[in-house]
Amino acid sequence: MTHKSGFVSIIGKPNVGKSTLLNAILGQKLSITTPKAQTTRHRIKGILNEENYQIVFSDTPGIMKPAYLLQEKMMNFVQESLVDADVVVFLSDKEEAYLDEELKAKLKAITVPLIVVINKIDLSSQGEIAKLIAGWKKHIHPHAILPISATENFNLNVLKELLVTLLPEAPPYYNKEEVSDLHLRFFAAEIIREKILMHFDKEIPYSVQVEIESFKEEETRTHIVATIYVERDSQKGILIGHKGEGIKRIGMEARKDISTFIGRNVHLENFIKVEKEWRKLESKLKAFGYNTGSGTK
């Protein structure tokens, strides 16, 4: 039996459902999801393992015009994933994204098979879908166009089968037991950040960085100490909340989800520190892991 392995980059504009798609394909929650744009900041690899193939998916930040250095780093992760890719999935929704000239140029420059996946079709009419398919065929000429619903699991098996046909014959790149190349510390930090995205508005969620200072496997539980960095003292006060209710809610909800994710009881301690303008400073971004690599597999 031949074995196929390859890298599939999932790209698209913010809020089209890239992380939801990855989680649905993997059958577990790997990337955090919220209704807010720019939820994903890093390139997150999710590994789908079957007997005769391994697909290494990259969930990437939403394509945007960077307004500050952090967003520039996020766009570097997108570009890095394209260098690696054997196949690119461009995820769109009801928007006619093919009319965006800058995006059109970026997609036409892709040299590997490009699959345009139209998500959220459960919210669209057949006429809308037909118009979108015709538009993508006319403007981009991708290898394939596939309507799906990530939330309803519609056409996801069709997408997986299509991807497998495009992968090269190769042994697995990763151990078949792995679901990601990232450590549990990363996912613990992301879960804490997800709770902040869910419960706080305006600039606060985008000014937050979560770092895991300690991750200790004890006999009956895992003890985690996290630092939540913000840019201003006023943001620290809002996160703490009246009588500490804000930080307490974050901690309770995050602890529960981290425990489910790692399959152990968790004791979580959260601390908040001010790191002024960290999103604009190269040294701080590098320390927080936003230094992109060479783009190699």
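This is a predicted model: local features need pLDDT of at least 70, side-chain atom pairs count only at pLDDT 80 or more; totals for chains, interfaces and linings use all residues.
Visitor: Why would residues three or four places apart point the same way?

Guide: An α-helix has 3.6 residues a turn, so residues at that spacing point the same way.

Visitor: What span should H4 have, and how far apart are its end C-alpha atoms?

Guide: H4 covers residues 126-139, which is 14 residues, and at 1.5 Å a residue it should span 20 Å. Its end C-alpha atoms are 20 Å apart, which agrees.

Visitor: What comes just after H4?

Guide: Histidine 141, which takes a positive phi of about 55°.

Visitor: Changing topic. How many aromatic pairs are there?

Guide: The structure holds 8 aromatic pairs. One of them joins phenylalanine 90 and tryptophan 136: the ring centres are 5.4 Å apart and the planes are at 55°, so the pair is tilted.

Visitor: Where do phenylalanine 90 and tryptophan 136 lie?

Guide: Phenylalanine 90 is in strand E4 and tryptophan 136 is in helix H4, so the pair ties together parts that are 46 residues apart in sequence.

Visitor: Are those two buried or exposed?

Guide: Phenylalanine 90 counts as buried because its relative accessibility is 1%. Tryptophan 136 counts as buried too, at 0%.

Visitor: Which residues form an aromatic cluster?

Guide: Tyr229, Trp278, Phe288 and Tyr290 form one.

Visitor: Back to E4. What kind of sheet is it part of?

Guide: An open sheet of 6 strands, in the order E2-E3-E1-E4-E5-E6, with mixed pairing. The edge strands are E2 (44-50) and E6 (144-147), each of which pairs on one side only. Neighbouring strands of this sheet are turned by 25° against each other on average, direction ignored.

Visitor: Which helices pack on the sheet?

Guide: Helix H1 (residues 18-26) is one of them, touching strand E1 (4-11), E2, strand E3 (53-59) and E4. The direction of H1 makes about 25° with that of E2. Helix H2 (residues 69-84) also packs on the sheet; H2 touches E1, E3 and E4, and its direction makes about 150° with that of E1.

Visitor: How many bridges link E4 and E5?

Guide: 5 bridges, and E4 pairs with strand E5 (residues 114-118) in the parallel sense. Valine 89 stands opposite isoleucine 115 in E5, and the bridge partner of valine 88 in E5 is leucine 114.

Visitor: In what sense do E1 and E4 pair?

Guide: In the parallel sense, over 4 bridges. Here serine 9 stands opposite valine 88 in E4.

Visitor: How many residues of E4 are buried?

Guide: 6 of its 6 residues, so to speak a mostly covered strand. Both faces are covered: Val87, Val89 and Leu91 are buried on one side, and Val88, Phe90 and Ser92 on the other.

Visitor: Where does valine 87 lie?

Guide: In strand E4, which runs over residues 87-92. Valine 87 counts as buried because its relative accessibility is 0%.

Visitor: What is valine 87 in contact with, leaving aside its neighbours within four places in sequence?

Guide: Phe7, Val8, Ser9, Val112, Pro113, Ile115, Leu163, Leu166 and Leu167. Valine 87 and leucine 166 are 79 residues apart in sequence, yet 7.2 Å apart in space, C-alpha to C-alpha.

Visitor: Leu163 turns up in H5 as well, I think. Which residues of H5 are buried?

Guide: In helix H5 (residues 156-166) they are Leu156, Leu159, Lys160, Leu163 and Val164. They cover an arc of only 135° around the axis, which puts them on the same side of H5.

Visitor: What does the face of H5 turned away from its buried side carry?

Guide: The exposed residues Glu161 and Thr165.

Technical notes. Residues are numbered from 1 along each chain as its sequence is written. Side-chain values use heavy atoms; hydrogens and water are left out. Helices (H or I, at least four residues) and strands (E, at least two) are DSSP runs, numbered from the N terminus. Buried means under 20% relative accessible area, exposed over 50%, partly exposed in between (1.4 Å probe, protein chains only). Contact means heavy atoms within 4.5 Å. Two strands pair if DSSP finds at least two bridges between them. Axes are lines fitted to C-alpha atoms, for helices over the stretch in contact, and angles run from 0 to 180 degrees between N-to-C directions. The expected span of a helix is 1.5 Å times one less than its number of residues. Rings of Phe, Tyr and Trp (its six-membered ring) pair if their centres lie within 6.5 Å; planes under 30 degrees apart count as stacked, over 60 as edge-to-face and the rest as tilted. The arc is that of the directions from the helix axis to the C-beta atoms.
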